Amino acid sequence: MEPGNQTSVSEFLLLGFSQDSEQQPILFGLFLSMFVVTVLGNLLIILAVISDSHLHTPMYFFLSNLSFADICFTSTTIPKMLVNIQTQRKSITFAGCITQMYFFMVFGSMDTFLLTVMAYDRLVAICHPLHYSVIMNPRLCGLLALVSWLISLTYSLIQSLLMLRLSFCTNWVIQHFYCELAQALTLACSDTLINYILLYMVTGFLGIVPFSGILFSYTQIVSSILRIPSANGKCKAFSTCASHLSVVSLFYGTGLGVYLSTDSSSWRGMVASVMYTVVTPMLNPFIYSLRNRDIRRALQKVLGRTLYVQ
C-alpha cells in the first residue's frame, strides 16, 4: 500500500460486550464488583504475608508476587472498560491502547512464570524437605522473581515497539473489551509478519515451557507422595500443594479457552477472556485462604487489627 493511502490512527473503538443501553448498568455493576473483590482479596493476601513473620518463606514470597501481578493484570483492562460504560464512549487513544497491551502482556506473562516457580518450590518442599531452606534460599528466590520480571518486561516492550511501526487502515474497531493484540494486528495496513512471528513464538514459549515445567514438577511430586507409607502422610504432603494445583488448573484452563477459541471477538471468546483476566485473579485469594490455615490466621490478624484501629 502506498504511504498516501495509509492513515495515522489516533484512537481505537472498543465495542465491548453489548451495544444495548439497558444492559450497560448491569455490566457496570458486575465488573465493578468483581474488580473490587479482586483488588481487596489480593491486597489482603499481600498484607497478610508482609505482617506475619511466619509467612516470610519462599512459598508466600511468590504468592505475594502473584497477588500483586493479579491486581495489576486486572487493573490494565477493567477500569478503562468501566469508564467507557459510564461515559457511554468506547474510544481509547492509540497511545492508551499500546500502553494497555504492554502492561497486559507484562502481568499475564508474570502469572505464567510465577506459577511455574511456585511449582518448583513445592517440588523442593516435598521431594527434598531436608534441603529446602538451603535450595530455596533468599538469593535464589529473589533471582527467580527478578528473571521472571525481566523476561516479561523485555518481551512486552519489544512487542509494543513493533506495534508502533505499523500503519492502520480506516477500520479502527476492536470487537473486544480491551486492546487485544491479535485483533489490533488484523487492522494494520502495513506488513505484520514480524509481529506475528514474535507473537506465535512467545505465545508458544510462554505456553509450552512453563506448563512443561509445572507438569514435570507435579510428576515428581506425585511420585514422591506415593512413596510415603502412611495415608495421613500422603494427605498432609498433598495438602501443601493443593491450593497451587487448583490455581494452575484454573489459570491454564481459562487461558486455553481464550487461545483455542476460534474467534476471540465472539461472545464466547470474550467470556473466555473474562474468565482468564478477571475471574481467575478474583478466585486466587479465596483458593489460598480457604485451603491454608496459615493464611487464614494471618488474615484474621490483619482484619482484627484493622477493625481495632477503626
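Among the contacts in the protein chain between residues at least 6 apart in sequence, 77% join residues at least 24 apart. The model in which these contacts were computed is a predicted one. The protein chain holds 11 helices and three strands, and, read along the sequence, these elements follow the pattern β-α-α-α-β-α-α-α-β-α-α-α-α-α. Of the 310 residues in the protein chain, 48% are buried, while the chain as a whole exposes about 15,800 Å², of which carbon and sulfur atoms supply 68%.

Two packed helices are described by the angle between their axes and the distance between the axes. For helix α1 (residues 24-51) and helix α3 (residues 78-87), the angle is about 155° and the axes lie 10 Å apart. The crossing in which α1 passes α3 is left-handed. On the α1 side the contact is made by Q24, L27, F28, F31, L32 and F35, which meet I78, P79, M81, L82, I85 and Q86 of α3. Sorted by class, the residues of this contact of α1 with α3 comprise 10 nonpolar and two polar residues, with no charged residue taking part.

Q88, placed in the loop between α3 and β2 (91-93), has a positive phi of about 60° although it is not a glycine. The relative accessibility of Q88 is 54%, and the residue therefore counts as exposed, the cut-off for that class being over 50%.

The second pair is formed by helix α2 (residues 58-75) and helix α6 (residues 138-164), whose axes come within 10 Å and cross at roughly 20°. Because angles under 35 degrees count as roughly parallel, α2 and α6 are described as roughly parallel to each other, and their crossing is right-handed. From α2, the residues P58, F61, F62, N65 and F68 meet C141, G142, L144, A145 and W149 in α6. The composition of the contact of α2 with α6 is eight nonpolar and two polar residues, again without any charged residue.

Helix α2 also contains A69, a residue that counts as buried at 0% relative accessibility. Leaving aside residues up to four places away in sequence, A69 touches F107, M110, D111 and L114. The C-alpha atom of A69 is separated by 8.9 Å from that of P281, although the two residues are 212 residues apart along the chain.

The contact draws on S109, T112, F113, L115, T116, A119, Y120, R122, L123, I126 and C127 in α4, which meet F205, L206, P210, I214, S217, Y218, Q220, I221, S224 and I225 in α8. These residues of the contact of α4 with α8 divide by class into 14 nonpolar, six polar and one charged.

L181 is found in helix α7 and, at 9% relative accessibility, counts as buried, the limit for burial being under 20%. With residues up to four places away in sequence not counted, the partners that L181 touches are M101, M105, Y155, Q159, M163 and L199. Between L181 and N195, which are 14 residues apart in sequence, the C-alpha to C-alpha separation is 9.7 Å.

T192 is placed in the loop between α7 (181-186) and α8 (193-226). With a relative accessible area of 12%, T192 is likewise buried, and, when residues up to four places away in sequence are not counted, T192 touches L166 and L185.

Note on methods:
Residues numbered from 1 in each chain as written. Predicted model: local features only at pLDDT ≥ 70, side-chain atom pairs only at ≥ 80, totals over all residues. Heavy atoms only, no water. Helix = DSSP H or I, 4+ residues; strand = E, 2+ residues; numbered from the N terminus. Buried < 20%, exposed > 50% of the residue type's maximum accessible area, 1.4 Å probe, protein only. Contact = heavy atoms within 4.5 Å. Axes fitted to C-alpha atoms, helices over the stretch in contact; angles between N-to-C directions. Left-handed = near helix turned anticlockwise from the far one by under 90°. Nonpolar A, V, L, I, M, F, W, Y, C, P; charged D, E, K, R; others polar. Areas by Shrake-Rupley, 256 points an atom, 1.4 Å probe, with all protein chains shown as cover. Parallel < 35°, antiparallel > 145°, perpendicular 65-115°, else oblique.
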